[in-house]
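Here are some comments on the model you sent, arranged as numbered points.

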Amino acid sequence: MQKFLLFLLLLLPVVTYCQVTVSGKVTSTSDPNGLPGVNVTIKGTTQGTISDVNGRYSLNAPGDGVLVFSFVGYKTQEIPVAGKTLLDVLLEENAQELSEVIVTGYSSVAKRDITGSVSSIKADKFKEISINGVDQALQGQVAGVQVTQSSGTPGGGIAVRIRGSTSISAGNRPLFIVDGIPVETGSLSARGFGGQNDNALAMINPNDIESMQVLKDASAKAMYGSRASNGVVVITTKRGSKNANTKISFDVQRGVIDPVNTLKLLSSTQLLELQREAVTNAGENPDALGLIRGITDGISTDWQDEVLRRGIMQQYQVTASGGDNNTTFYLSANYRNEEGVQLNNSFERMGVTMNFDQQLARKLNISTNLTISRTLNKRVKGDNFLDGVYSGAIKSLPYYVPYDENGRLIGPGSGMYAGFPNFNPVAQALLPRFETLSLKMIGGINATYEIKPNLRLKGQVSVDYNDITEDQYESSQTAIGGFLPSVGGRGYGVYIAQAATNMVSNLTLSYNKKISDQHSFSGFVGTEVFRTFYNGADVQGRLFPSDDFTYIASAGIVDAGSSTKTPPGGLFSVFAEGRYDYDDRFLVTVGMRTDGSSNFGPNHRFGYFPAISAGWRISNENFFKSGIVTDLKLRGSFGYTGNERIAAFQFLGTWSAATYNGNSGVSPNNTANPNIKWESTREINVGTDLELWQGRLQTSLDVYHNKTSDLLLTRPYPFTTGFGGIPDNIGDMENKGIEWSATSVNIDKVVRWSTTVNLSKNLNKVLYLADSIPLYRGYTAEGVDATNTVRVGHPLGTFWGLNFLGVNPATGNAIYEDVNGDGLINNSDAMVIGNAQPKLIGGITNTISYKRFDASVFFQFSYGNKVLNFTKATLVNMGADIENNQSEEALRRWRKPGDITDVPKYELNSTLNNLHSNRLLEDGSYLRLKNLSIGYSLPPKLIQKWMIDQARVYMTATNLWTFTKYTGSDPEVSTLDGSTTAQGIDFFTLPQVRTISVGLNITLR
């Protein structure tokens, strides 16, 4: 009964306590007559008021409560009421709060003094969004950053692009720095799963992050030189505070997960009618092919319903932080388990973080950080795999069932097994074992010695270690283990082990000097060594004695395996940066980094990446006087960054082992190219920062133009040479665009309402390719070379195909544009039919609080991009085959002369009506309610008796609603995860998932 009463108290926090009316005046040393607009709140609540134009305030508060006084640019003060009715407060200016400090790499600078383009994201922007990886937290939050989650697979791939793609083949992911350590991004797995990859950044707990800084222009990125062309994301994890009591917090979150959408497919009766029509149109007898009414359609299985489920998400975290005058600490332990919406698919992560800061002597400080994370990713095959789970569910004929009359899964050998290409999708989900176990350790130690008050020496050594083990077995009742003849029908197993390590050590000497009230200078010089190590091995086995023996040791034949060790590679770097500030009006930053990379030959081993930027704070000029404008700054930057993300030692001519006629030997593998060099991006940025009404409105506008030269790509060679090509610098490309962001405090009284919005437009174009030869990428397609092309004058992600003009009402056949007028429709008539680049992306967040209630609404959108619904090539195939289910769109097909429709007639084995064209291309624009959260903070009077300082219950929903004209399952997918040249393809891709969860956060006193 006592527990029940306690539960009611938590749900219905109604308490009574003595209230007093407290009034007073808020002043400051610079404004002794009264400070207007100061926030006065009751600690532990959102209840409060603001001071008037004379600095006076009045509110009702508990007699034993605490009032919190806060204002932009001043130190926050907490004053106990202690039964008093009059409280006058003198606020002290806080230079650090006057301008937020931004970590830009090897140094930090006040945000108001930034002369480059930098965006900052605090942890409260994403603390309640259900995300696996830190890269997901960037979506819709930062101008100029495009984030695409490739599918709804837990722990799956994320594509991040900052100001567009700068390379065709050398990688376009930003450089992620965690507490000074460059970490692995992208996929760690050695085996593909239908285009969908795992995500190395999903191994980092987002709840341990204090802030993220996105460096976008050359000046901001200059200190990362050769790795900065794609942008830099600097992540700072949480740390303890000096002279702070130990604070222990608990956070619990549980929820349910569903797919945002499923496809509308035909029932057995509808499909049978369609197939009979296609066969009849081809002049054949459908009964002779076994398409018999009342028999063939006697069963109607909804395969999507069979393989999809409602998943459960649960997340737990405990943290402790605090410190004294010499030592600070932050400790956390976390656990997350997310069931995928596909059967037998899940992602589990557990980890610990330990950050310590120690002042060993008056001039010597040491800091350490250590994060250890373990993930278990239970994967299933997906996307364009013939034996994939979701792909199989979509295309499999509804005439079959997953289980026999005894409740056993139907597999090869059963008379009820459909066979190629209709494998049992339920068995393909439940029977194979695809487990990827990963261990990640990010650790570092740094020491700072104060030589003089304005001269400091800092050294750091860090490591990012990744160990990946993949354990896979496909039983004799699966498509590969039991149906594929080359395997033998008795199971198939794979075991892979890899280790990838990044090590970095650097030394910097920093100096700052204020010569007078008008002149100040700061700068640093440094050197760094970055090393990479990799080794891996794999083994394959088949012909297992039974499905009870599933490991390689039991295989009857172990006939494939390999081991690899890559020689250590890396970078040697020297860098320097200087900043000058004249009278807080004119700001100049100059930086330079030189990198030497093992990826390039002796002719071009070193790259040089300078940058310069300047700012003019107009608001501090004597001629500019405004009571509205608090800060107005113009800024501009120019510089060069690089990209060296190609396979190691590409400049060398290499040899590999070969077997000929039973004899072992060696053969040439790659030809040498000692002249291969860095990709180099010239970057120009012009921007302005504006702040109005003491920070009530802050906005930034940036315009940029980036040109990348010497694109790294394989120059094709005639195959008669024995080589397909040679890595070379053979192209140029540009990105230009505009970005705008704003933050406003709309209401700041008892109700507080703030809005953050960002908009971005980027234009990408290939300027030059060697010999102007177009490149074809993506998938092979019916009637054309490929689904995508890379060609001069067009952006990356350009779609290639025929121009579909409609359906002939008389014949029902598709009409395509005959470009060359030869009377034939073939690849010679193919053209550019669209591109995957959006015209505009952005996001808007509204945050509202009232007393103890708070709410946040976050919308994210993409406008103007095209999505290739390549799934329709199978699901609306116009009778090219009758081995796959069809979409309800097929119900609009042409059936008789005079029909007006956009779906051609169905005719068995006819490919004319299913040639690859813009019939498959759709508008991929969407507006998505990305996150909605609602919270309630329990009254202090209720929780303090249990030694609880703060307690908050909340509900959050992710991907709650989507508006789009796209007819596929989800416009925000990309089958070829992370692809630059073939982005925006939906080929049986699992849609995003909707997560609805509730949580409780408790902080102990």
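**Notes on the predicted model**

1. Ala82 lies in the loop that runs between strand 6 (77-80) and strand 7 (89-91). The model is a predicted one, and in it the phi of Ala82 is near 50 degrees, a positive value in a residue other than glycine. This deserves a look, because most residues other than glycine have a negative phi.

2. Pro421 itself is found in the loop between helix 6 (389-395) and helix 7 (425-430). For context, most peptide bonds are trans.

3. Among the open spaces, the second largest pocket holds about 1,400 Å³. Its lining is made up of 46 residues, and those that lie nearest its centre are Glu184, Thr532, Arg645, Ile646 and Ala647. By class, the lining of this pocket comprises 17 nonpolar, 22 polar and seven charged residues.

4. Which strands supply at least two residues each to the lining of the second largest pocket? They are strand 13 (175-178), strand 24 (492-514), strand 25 (519-542) and strand 26 (557-582), and strand 26 gives the most, with seven residues. In terms of domains, at least three residues of this lining come from each of domain 2 (101-237) and domain 3 (244-265 + 302-1004).

5. The largest cavity has about 440 Å³ of space and is lined by 36 residues, of which Gln146, Val147, Thr148, Pro838 and Gln983 lie nearest its centre. The lining of the largest cavity has 13 nonpolar, 20 polar and three charged residues.

6. At least two lining residues are supplied by each of strand 11 (145-149), strand 12 (158-162), strand 37 (751-769), strand 44 (840-850), strand 45 (853-863) and strand 46 (866-868), and strand 11 gives the most, with four residues.

7. The second largest cavity has a volume of about 240 Å³. Of the 22 residues that line it, Ser130, Ile131, Gln136, Gln149 and Thr958 lie nearest its centre, and the lining as a whole divides into six nonpolar, 13 polar and three charged residues. Strand 19 (327-339), strand 49 (948-964) and strand 50 (993-1004) each supply at least two residues of this lining, which draws at least three residues from each of domain 2 (101-237) and domain 3 (244-265 + 302-1004).

8. On the surface, a nonpolar patch is formed by Tyr511, Phe521, Tyr580, Val588, Val590, Ile612, Phe638, Tyr640, Ile684 and Val686, which together have about 800 Å² of accessible area. The elements that give two or more residues to this nonpolar patch are strand 27 (586-597), strand 29 (629-643) and strand 32 (679-692). Ile612, one of the patch residues, is found in strand 28 (residues 606-617).

Key
Residues numbered from 1 in each chain as written. Predicted model: local features only at pLDDT ≥ 70, side-chain atom pairs only at ≥ 80, totals over all residues. Heavy atoms only, no water. 1 Å grid on protein atoms, 1.4 Å probe; cavity = no way out; pocket = protein on both sides within 12 Å on 5 of 7 lines; lining within 4 Å. Points joined across faces, edges and corners; volume = space filled by probe spheres on them. Nonpolar A, V, L, I, M, F, W, Y, C, P; charged D, E, K, R; others polar. Domains from an automatic or database assignment. Patch = residues over 30% accessible without salt bridge, like charges linked within 9 Å, V, L, I, M, F, W, Y side chains within 5 Å. Areas by Shrake-Rupley, 256 points an atom, 1.4 Å probe, with all protein chains shown as cover. Salt bridge = Lys/Arg side-chain N within 4 Å of Asp/Glu carboxyl O.
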